[in-house]
Amino acid sequence: MRPRVSWMTNADDAILEFFEDHAIALPPAAVAYNIDFSYSHVRNRMRTLADHALLQKADEEKGYYEITDRGIAYLAGELDAKELESNQD
């Protein structure tokens with residue numbers, strides 16, 4: 001079972017699952033186009049996921065992100081919720 005933390009939203013799971021399924025780096029606009037959330041929401045959530053090391057910038061200049069090993073571990077239910085909370089800004 002995946003940990004649930006206060007700062008996470010339903011969009012976070014959809015974003016992480018999309019990256020895990022496709023194993024490519026993409027900008028927020030491409031992710032938003034392919035899931036059922038607005039561009040601005042996806043952009044904000046991707047920044048938050050990167051702040052918590054679940055995503056990382058693959059290309060800072062172009063704004064491309066990719067999933068991290070920590071993001072994959074989260075999806076597999078291998079992270080403790082306390083660990084996710086402790087990285088909150």
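pLDDT is the predictor's confidence in each residue, on a scale from 0 to 100. The model described here is predicted. The protein averages a pLDDT of 91, and 94% of the residues score at least 70. Confidence is highest in strand β2 (residues 64-67), at a mean of 98. Helix α5 (residues 81-86) has the lowest confidence, at a mean of 75.

The largest nonpolar core holds 25 residues. Ile15, Phe19, Val31, Leu54 and Leu55 touch the most other members. Two or more residues come from each of α1 (10-22), α2 (28-34), α3 (39-51), β2 and α4 (69-75). Helix α1 gives the most, with six residues. Beyond residues up to four places away in sequence, Ile15 touches Val31, Ile35, Val42, Arg45, Met46, Leu49 and Leu55.

Phe18 and Phe19 are both buried. The count of aromatic pairs comes to one. Phe18 and Phe19 form this pair, with an edge-to-face arrangement.

Helix α3 has 13 residues, which should span 18 Å at 1.5 Å a residue. Its end C-alpha atoms are 18 Å apart, in agreement with that value. The buried residues of α3 are Val42, Arg45, Met46, Thr48 and Leu49. Seen down the helix axis, they fall within an arc of 160°, so they line one face of α3. An α-helix has 3.6 residues a turn, so residues three or four places apart point the same way. The buried residues of α3 pack against α1, α2, β1 (55-59) and β2. Ala53 follows α3 and has a positive phi, near 60°.

Terms used:
Residues are numbered from 1 along each chain as its sequence is written. This is a predicted model: local features need pLDDT of at least 70, side-chain atom pairs count only at pLDDT 80 or more; totals for chains, interfaces and linings use all residues. Side-chain values use heavy atoms; hydrogens and water are left out. Rings of Phe, Tyr and Trp (its six-membered ring) pair if their centres lie within 6.5 Å; planes under 30 degrees apart count as stacked, over 60 as edge-to-face and the rest as tilted. Buried means under 20% relative accessible area, exposed over 50%, partly exposed in between (1.4 Å probe, protein chains only). Helices (H or I, at least four residues) and strands (E, at least two) are DSSP runs, numbered from the N terminus. A nonpolar core is a set of buried Ala, Val, Leu, Ile, Met, Phe, Trp, Tyr and Cys residues joined through side-chain atoms within 4.5 Å. Contact means heavy atoms within 4.5 Å. The expected span of a helix is 1.5 Å times one less than its number of residues. The arc is that of the directions from the helix axis to the C-beta atoms.
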